[in-house]
Amino acid sequence: MSIMKKKSKWDSQLRKGLLDFIILLYLQKKDFYGYELIRELKRLTDIELSEGTIYPLLNRLKKEDLISSKWVEMETGVPRKYYRITEKGRNALKDMQISWEQIVIAIQKLVGTK
Amino acid sequence: MSYVPKFNDDVARKIWNNYFKRVDRSMRSIPKTKREELKLEIQGHLLESMEDASTDSDSSKLMDAIDRLGEPEDYIKPMIADKLLLDASKTFNPRNVLMGLFFNLRTSIRRAVLTMIIGLGYFFLFCIAVMTIMKIIIPSHVGIFLPEYGGSTAVGILVSPEPHREILGFWTVPIGVVCTVLLYTGLTRLLRVFIKQGE
C-alpha cells in the first residue's frame, strides 16, 4: 500500500470517527433534516461516505437521547424529518469539546517536539 | 405513510420500485410505524438528491442518487441490530431477547459461511497451482484420469496412474494457469467486498 493510500485511509477514518461530534456541533446551531446534514458534512469535511451511513448514526444518537426528531410537512413533496439536539446532547457536546481541546493541545505539543 | 413520485420515464419507476422492494425486505424485522417513517425519510432523501443531479433523465438522476445513498442492506442492518439489542436489554421481554439473539446469530452464521467458502476457494486454488507445477515435473502422474477398465475418474496427482488414462495432456498447464489467475482474482475481489461490509 502506498504512503498516499495509507494517508487517505487514516484521514478518512479520522474524519469518520469525528462524525458524532460534528453532527452535534451542527445541530447545536439549528435543526437539520438528514439530506441537508449530509450536504453540509460533505461540504465541510470532504468525507467519502455513502450517504446512507448517516441514518444509523442519527438513529443511534436518538437512542442515546442526544438528539430528538420531528416530522415537518412541506408545502410540496415529502415531509421532512428534522433532528434537534436535546439537553442531554448539549451536555455531551460540552464534554466532547473539552476532550477535543485536550487532544488537540496534546497532539500540538507532540507535533511541536522534534 | 409512503410517497410515490411521478417520473417522466418507466425505467426510473422500475428502479425506484426495485430499490424500495429491497428497502422493505431489509426492514422486515422492525415495527411497521418505524419502517414507514424510515422509508419516507429515504424517499425524501432520494428525491432531493435527484434535484441536485446535473443529468437530464429521471432514470440517470435516480441511479446517481442511489449510488450516493448506498445499498439499503448496508445502512439498514446496523439500525436493526441496534434496535433489537436495545429492545432486548431494555424490556426483558423474552421475544425481544430471542429476536436480538437470532438476528446476531444469523449475521454471525452468514459471516462464518462466507469465510468458509472463501477459505475453501483459496485451498482449491492452492491445489490447482500445485497440480500445474507438478504437471511440468511429473507429467504422467498429474491431470484428469479416466478409468480404462471400470472404476472412478480421478483428478489430481496419482502415485500409480497405470489403470487410468490421462485426458488433458499438457493442456493441464495452461488450463491450470488460467484457473489459478481467475480464481485468485475472483476470490480476492470477494474477500475485499466481504472485509468492506464488515467495516
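Colleague: In chain B, is the crossing of helix 1 and helix 3 left-handed or right-handed?
Modeller: This is a predicted model, and the answer is read from it. Helix 1 of chain B spans residues 10-26 and packs against helix 3 of chain B. The crossing of helix 1 of chain B and helix 3 of chain B is left-handed.

Colleague: Are helix 1 of chain B and helix 3 of chain B roughly parallel or roughly perpendicular to each other?
Modeller: The axes of helix 1 and helix 3 of chain B are 8 Å apart, and the angle between the two helices is about 25°. Angles under 35 degrees count as roughly parallel. Helix 1 of chain B and helix 3 of chain B are therefore roughly parallel.

Colleague: How many nonpolar residues are there in the contact of helix 1 of chain B with helix 3 of chain B?
Modeller: Helix 1 of chain B brings Val11(B), Ala12(B), Ile15(B), Trp16(B) and Tyr19(B) to the contact, and helix 3 of chain B brings Asp58(B), Ser59(B), Leu62(B), Met63(B) and Ile66(B). By class, one residue of this contact is polar and one is charged, and the number of nonpolar residues is eight.

Colleague: Which element gives the largest share of the side of chain B that touches chain A?
Modeller: The contact takes 16 residues from chain A and 18 residues from chain B. On the side of chain B, the elements giving two or more residues are helix 2 (32-51), helix 3 (58-69) and helix 4 (72-91) of chain B. The largest share is eight residues, and it comes from helix 2 of chain B.

Colleague: How many charged residues lie on the side of chain B that touches chain A?
Modeller: That side takes 18 residues from chain B. Eight of its residues are nonpolar and five are polar, and the number of charged ones is five.

Colleague: Which residue in strand 3 of chain B does Phe145(B) stand opposite?
Modeller: Strand 1 of chain B, residues 142-147, pairs with strand 3 of chain B in the antiparallel sense over three bridges. In strand 3 of chain B, the residue opposite Phe145(B) is Glu166(B).

Colleague: What pattern does chain A follow when read along the sequence?
Modeller: Chain A has three strands and five helices. Read along the sequence, the pattern of chain A is α-α-β-α-α-β-β-α.

Colleague: Why is one side of strand 1 and of strand 2 of chain A left without a neighbour in the sheet?
Modeller: The three strands of the open sheet in chain A come in the order 1-3-2, with antiparallel pairing. Strand 1 (32-33) and strand 2 (67-72) of chain A stand at the edges, so each has a single partner strand.

Colleague: What is the bridge partner of Tyr33(A) in strand 3 of chain A?
Modeller: Strand 1 of chain A and strand 3 of chain A, residues 80-85, pair in the antiparallel sense over two bridges. In strand 3 of chain A, the bridge partner of Tyr33(A) is Tyr82(A).

Colleague: Which strands of chain A does helix 2 of chain A lie across?
Modeller: Helix 4 of chain A, residues 54-63, lies across strand 2 and strand 3 of chain A, at about 115° to strand 2. Helix 2 of chain A, residues 19-29, runs at about 95° to strand 3 of chain A. The strands that helix 2 of chain A lies across are strand 1, strand 2 and strand 3.

Colleague: Is helix 3 of chain A roughly parallel or roughly perpendicular to helix 4 of chain A?
Modeller: Helix 3 of chain A, residues 34-45, packs against helix 4 of chain A at an angle of about 110°, and the axes are 11 Å apart. Helix 3 of chain A is therefore, relative to helix 4 of chain A, roughly perpendicular.

Colleague: Which residues of helix 4 of chain A meet helix 3 of chain A?
Modeller: Helix 3 of chain A passes helix 4 of chain A in a right-handed crossing. From helix 3 of chain A come Gly34(A), Leu37(A) and Ile38(A). From helix 4 of chain A come Ile54(A), Tyr55(A) and Leu58(A).

Terms used:
Residues numbered from 1 in each chain as written. Chains lettered and ligands numbered in written order. Predicted model: local features only at pLDDT ≥ 70, side-chain atom pairs only at ≥ 80, totals over all residues. Pairing = 2+ DSSP bridges. Helix = DSSP H or I, 4+ residues; strand = E, 2+ residues; numbered from the N terminus. Contact = placed C-beta atoms within 7 Å. Axes fitted to C-alpha atoms, helices over the stretch in contact; angles between N-to-C directions. Nonpolar A, V, L, I, M, F, W, Y, C, P; charged D, E, K, R; others polar. Parallel < 35°, antiparallel > 145°, perpendicular 65-115°, else oblique. Left-handed = near helix turned anticlockwise from the far one by under 90°.
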